[in-house]
Amino acid sequence: MKTFTYTIKDELGIHARPAGLLVKAAGAFQSDITIATEAKKANAKRMMAVMGLGVKCGTEVTITAEGADEDAAIAGMEKFLTENL
């Protein structure tokens, strides 16, 4: 299992467009990927679950990947978050 934390910098937080892109990025990997805030946790491959987190600007999220390609999944998700959020 691999994890990393990231503080959301997008002033709108994780709203519909970036949530859709995040789900698409997570779906490219076989590993189970979760995104968690201090209060909630969600499957990063499910749009409504990600939207349900209600992540705002300045919120710290923890991404966890577990599975066959977890190293690549963590690297990919870290790259996505850094470039988009």
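**View 1. Asp 10, a buried charge without a salt bridge.** In this predicted model, Asp 10 is buried and yet forms no salt bridge. The nearest side chain of opposite charge belongs to Arg 17 and is 4.7 Å away, whereas a salt bridge is counted here when a side-chain nitrogen of Lys or Arg is within 4 Å of a carboxyl oxygen of Asp or Glu.

**View 2. The surroundings of Asp 10.** Asp 10 is found in the loop that runs between strand E1 (2–7) and helix H1 (16–27). When its neighbours within four places in sequence are left aside, Asp 10 is in contact with His 15, Cys 57, Asn 84 and Leu 85.

View 3. Among contacts between residues at least 6 apart in sequence, 70% join residues at least 24 apart.

**View 4. Interior, surface and charge.** Of the 85 residues of the protein, 41% count as buried, and the accessible surface comes to about 4800 Å², of which 52% belongs to carbon and sulfur atoms. The protein carries 10 positive and 11 negative side chains, and the centres of these two sets lie 6 Å apart.

Note on methods:
Residues are numbered from 1 along each chain as its sequence is written. This is a predicted model: local features need pLDDT of at least 70, side-chain atom pairs count only at pLDDT 80 or more; totals for chains, interfaces and linings use all residues. Side-chain values use heavy atoms; hydrogens and water are left out. Buried means under 20% relative accessible area, exposed over 50%, partly exposed in between (1.4 Å probe, protein chains only). Contact means heavy atoms within 4.5 Å. Accessible areas come from the Shrake-Rupley method with a 1.4 Å probe; for residues, only the protein chains shown count as cover. Lys and Arg count as positive and Asp and Glu as negative; His and the chain ends are not counted. The place of a charge is taken as NZ of Lys, CZ of Arg, CG of Asp or CD of Glu. Helices (H or I, at least four residues) and strands (E, at least two) are DSSP runs, numbered from the N terminus.
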